[in-house]
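Q: I have a structure open and want to go through some of its contacts. Can we start with the charged pairs?

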Amino acid sequence: LPTFGTRWLIPRLPRFTEAHPGITINFATKLVPFDFAREPLDAAIHFGDPVWPGAKLHRLMGEEIVPVAAPALVARLGLAAPADMLRAPLLQQSTRPRAWANWLEHQRLPPSRALMGPRFEQFAMVSQAAVAGLGLAIVPRFLVEEELRAGSLVIPFDLPVTGSEAYYLVYPDAREHVPAVIAFRDWLLRECQP
């Protein structure tokens with residue numbers, strides 16, 4: 001998963017490489033599940049339900065989905081209540097087409113405008129579009145922590161929605177005793193502890 005890898009995993013990898021200098025991690029981007037028998041990969045990070053035939057799955061974390069926007073856009077629109085957000089373009093993330101509808105439904109708002117806005121392929125693109133003031137984005141909070149700290153994004157209404165899906169470390173049954181996979185699994189599970 002590109003944004004998870006870029007924004008969450010890679011910044012933490014120096015701790016892994018320091019503890020395990022003999023293990024090299026190579027990255028490949030796959031946006032959908034694949035067959036480990038056909039791909040030369042030892043493990044994957046999967047978002048979704050804990051289903052992957054012929055593989056071991058370890059839950060890493062869930063996510064809180066929140067609306068975010070550039071502070072100037074929030075001020076310009078005069079957002080005083082969640083319903084006011086329906087006046088703004090709602091930035092879309094193509095692999096999560098129901099994200100806005102789910103959030104709006106949880107706030108008891110009509111989802112009729114849930115798909116009204118430009119579409120982007122990755123969360124990194126959606127969050128950058130929000131920083132640029134193109135509209136409101138609906139994103140996992142942990143993927144925009146840096147922008148929130150810097151003030152380039154704000155959460156106009158801190159009303160998070162959590163889903164049943166989560167991030168999982170996945171590896172084929174045949175790789176479960178490989179020392180490098182075990183080391184990475186154990187390190188990653190520790191990193192994900194609250």
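Q: Which residue forms a salt bridge with Arg-7, and how far apart are the closest N and O atoms?
A: This is a predicted model. In it, Arg-7 forms a salt bridge with Glu-147, and the closest N and O atoms are 2.9 Å apart.

Q: Where do Arg-7 and Glu-147 sit in the chain?
A: They are in distant parts of it: Arg-7 belongs to helix H1 (residues 2–19) and Glu-147 to helix H5 (residues 145–150), 140 residues apart.

Q: Is Glu-147 buried or exposed?
A: Glu-147 is buried, because its relative accessibility is 7% and the cut-off for buried is under 20%. Arg-7, at 21%, counts as partly exposed.

Q: Which residues are in one network with Arg-7?
A: Glu-146 and Glu-147; salt bridges that share partners join these residues and Arg-7.

Q: How many salt bridges does the structure hold?
A: The count is 15. Among them is the one between the side chains of Glu-64 and Arg-141, at 2.8 Å from N to O.

Q: What parts of the chain does that pair link?
A: Glu-64 lies in strand E3 (residues 64–68), and Arg-141 lies in the loop between strand E6 (137–140) and H5, 77 residues apart. Glu-64 is partly exposed at 33% relative accessibility.

Q: What about Asp-186, which residue does its side chain meet in a salt bridge?
A: Arg-185, at 2.9 Å from N to O. Asp-186 is partly exposed, with a relative accessible area of 29%, whereas Arg-185 is buried at 17%.

Q: Switching to Arg-96. Where is it?
A: Arg-96 is in the loop between strand E4 (92–93) and helix H3 (99–106). Arg-96 is buried, with a relative accessible area of 16%.

Q: What does Arg-96 touch, leaving out residues up to four places away in sequence?
A: Its contacts are Phe-47, Glu-63, Ile-65, Phe-123, Pro-140 and Tyr-167.

Q: Now the sheet. What is the strand order in the open sheet of three strands?
A: The order is E1-E8-E2, and the pairing is antiparallel. Strand E1 (44–48) and strand E2 (55–61) are at the edges with a single partner strand each, so one side of each has no neighbour in the sheet. From one strand to the next, the twist averages 35°.

Q: How many bridges are there between E2 and E8?
A: Six, with E2 and strand E8 (residues 166–172) paired in the antiparallel sense. Lys-56, for instance, has Tyr-171 in E8 as its bridge partner.

Conventions:
Residues numbered from 1 in each chain as written. Predicted model: local features only at pLDDT ≥ 70, side-chain atom pairs only at ≥ 80, totals over all residues. Heavy atoms only, no water. Helix = DSSP H or I, 4+ residues; strand = E, 2+ residues; numbered from the N terminus. Buried < 20%, exposed > 50% of the residue type's maximum accessible area, 1.4 Å probe, protein only. Contact = heavy atoms within 4.5 Å. Pairing = 2+ DSSP bridges. Axes fitted to C-alpha atoms, helices over the stretch in contact; angles between N-to-C directions. Salt bridge = Lys/Arg side-chain N within 4 Å of Asp/Glu carboxyl O.
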